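Welcome! Please take a moment to look over the sequence and the 3D view before reading the briefing below.

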Amino acid sequence: MRVTISVEQVRSEWVRRIEEVSGQDVMACYHCGKCSAGCPAAEVMDLLPNQIIRLVQLGQVERALESQTIWYCAACQTCYARCPKGVDLPRLMEALRELAMQKRGDHLEIARLDVQALAEFPQQAFIAGFRKYTA
Amino acid sequence: MRYFYFPGCTLETKAVGFNRSAKDAAGALGVELVTLPEWNCCGATFPLSTDNVLDLAGPARNLVSTAEAGGDTLAVACATCFNVLRRTNHFLRNNPETLEKLNAFLERPQPYAGQVEVRHLLDIFVHDIGLEAIRQCAVPGLRGLRAAAYYGCMLLRPAAEIALDDPERPDIMDQLLAALGAEVVDYPHRGECCGAYLTVKSPEASMPMSYRILSAAERAGAHVLATACPLCQFNLDWLQARLRQQYASYRPLPVLYFTQLMGLAFGLDTSGYGFEQHYVDPRPVLTQAGVLGEVKAP
Ligand code: SF4
Ligand code: SF4
């Protein structure tokens with residue numbers, strides 16, 4: 001697959017906004033892979049957490065937003081706890097989720113949830129789920 | 001000892017057994033938990049974006065209410081509420097501008113200055129009451145029961161803000177369970193995520209996450225898993241019906257709140273602890289281990 005990387009993309013408004021909303025400098029990551037190695041959700045992700053950072057570093061924001069990884073991040077903070085560069089990846093994931101929902105709308109259609117299961121969930125599951133998956 | 005207590009939404013509804021047993025266990029140790037007047041939902045996740053000022057108003061209001069009621073400590077049983085309230089407090093203490101904005105927004109007579117300490121019950125029990133006093137209170141105790149302490153995310157991370165235990169090698173709950181007389185099993189993945197809110201939309205994602213934890217504890221010989229979080233309890237318990245179908249090596253493992261185990265160890269009346277509401281019924285295992293009286297046939 002052919003990927004074009006340009007200075008304009010790397011310095012795009014989108015990258016700037018992601019850095020602003022997350023409070024992170026994406027260039028701080030040097031891809032040691034420790035975040036991905038310890039991520040408990042990695043096995044269901046289509047891209048590893050550090051690959052998401054790589055895409056943002058290269059200005060490939062659209063591709064990062066298309067990945068299911070941002071929705072499978074459980075904000076568990078394991079990666080942030082272990083990152084030797086102090087990159088707060090959960091904040092980066094949150095910024096990407098927010099941006100994805102600004103562009104494409106909510107990730108969760110409440111009306112399509114399984115009503116029977118819903119009756120069994122603890123309150124905090126909905127509140128957290130709705131906050132992560134709806135704008 | 002007397003503390004203001006924050007129950008949170010889930011403990012007042014789905015996790016009443018956690019709420020009941022937390023108050024009971026505290027009472028048995030001489031800790032009076034006074035429910036915070038006018039408490040409100042903590043928000044269930046700490047807002048992670050930098051433009052989060054309004055999202056902090058909810059959790060912050062509980063801190064303000066504690067200070068206004070004359071309290072210096074807010075005791076929390078739910079690990080998630082504890083995490084959100086503690087992170088909020090930490091953030092406000094370190095961001096005076098946001099604190100000022102929120103004080104202006106909340107319009108309360110006394111501006112909040114970050115003076116309240118948010119503490120988890122594990123911390124209060126182990127550090128204020130002490131393991132020796134707990135050991136003395138643990139009659140009949142949990143002898144015969146092998147318990148695995150599960151910490152998950154919320155009691156541990158981010159460590160600089162939560163500061164309850166070592167995020168890679170926590171043992172505060174292990175110490176407590178050992179003081180109750182249980183045989184504590186060592187197992188990996190004790191601080192790993194169960195899947196949290198992923199279950200709302202994608203149980204297929206939280207299933208392998210929960211399975212890793214349950215199967216590690218079960219292989220280590222645990223009779224039960226102990227938790228401090230109603231969402232962990234739900235995922236690790238509710239998902240087992242699906243795990244049974246997905247994994248040939250699946251073995252059932254009851255998931256209990258650490259306070260339910262305290263109630264059992266202290267010989268308290270556990271009839272309001274909601275054991276019958278658990279998906280994997282803990283009563284047969286508890287009975288077999290000799291820590292719960294005979295279960296009557298339904
Ligand atoms: S652990 Fe930190 S530095 Fe290493 S790849 Fe992940 S984000 Fe980058
Ligand atoms: S916070 Fe997200 S990306 Fe980081 S380890 Fe947890 S699930 Fe993986």
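Chain A and chain B bury about 3,800 Å² between them, and 59% of that area is on carbon and sulfur atoms; buried area here is the accessible area (1.4 Å probe) that two parts lose on being put together, summed over both. R91(A), Q124(A) and R131(A) supply 18% of the area that chain A buries against chain B, more than any other three residues. Each side brings residues to the contact: 42 from chain A and 42 from chain B, where contact means heavy atoms within 4.5 Å.

**How to read the values**

- This is a predicted model, in which local features need pLDDT of at least 70 and side-chain atom pairs count only at pLDDT 80 or more, while totals for chains, interfaces and linings use all residues.
- Residues are numbered from 1 along each chain as its sequence is written, chains are lettered from A and ligands numbered from 1 in the order in which they are written, and side-chain values use heavy atoms, with hydrogens and water left out.

**Chain A as a whole**

- Chain A has 10 helices and 0 strands; helices (H or I, at least four residues) and strands (E, at least two) are DSSP runs, numbered from the N terminus.
- The radius of gyration of chain A is 16 Å, which agrees with the value near 14 Å that a compact globule of 135 residues would have; this radius is taken over C-alpha atoms, and the globule rule is 2.2 Å times the number of residues to the power 0.38.
- Along the principal axes, the C-alpha atoms of chain A fill a box of roughly 50 × 30 × 30 Å.
- Of the 135 residues in chain A, 51% are buried; buried means under 20% relative accessible area, exposed over 50%, and partly exposed in between (1.4 Å probe, protein chains only).
- Among the contacts in chain A with a separation of 6 or more, 69% come from residues 24 or more positions apart.
- Chain A carries 16 positive and 16 negative side chains, and the centres of the two sets lie 6 Å apart. Lys and Arg count as positive and Asp and Glu as negative, while His and the chain ends are not counted; the place of a charge is NZ of Lys, CZ of Arg, CG of Asp or CD of Glu.

- Look for K14(B) in the loop between β1 (2-6) and α1 (16-28) of chain B.
- K14(B) counts as partly exposed because its relative accessibility is 36%.
- Beyond its neighbours within four places in sequence, K14(B) touches A119(A), E120(A), F121(A), P122(A), Q123(A) and Q277(B).
- K14(B) and F234(B) are 220 residues apart along the chain, yet their C-alpha atoms are separated by 9.6 Å.

**Backbone details in chain B**

- Most residues other than glycine have a negative phi, and most peptide bonds are trans.
- The peptide bond from V139(B) to P140(B) is cis, with omega near 10 degrees, and P140(B) sits in the loop between α6 (131-137) and β5 (146-149).
- R157(B) and P158(B) are also joined by a cis peptide bond, with omega about -10 degrees; P158(B) lies in the loop between β5 and α7 (159-162).
- E107(B) has a positive phi, near 50 degrees, and belongs to the loop between α4 (96-106) and β4 (117-120). With 67% relative accessibility, E107(B) counts as exposed.
- H189(B) has a positive phi near 70 degrees and is placed in the loop between β6 (183-184) and α9 (198-201). A relative accessible area of 27% makes H189(B) partly exposed.
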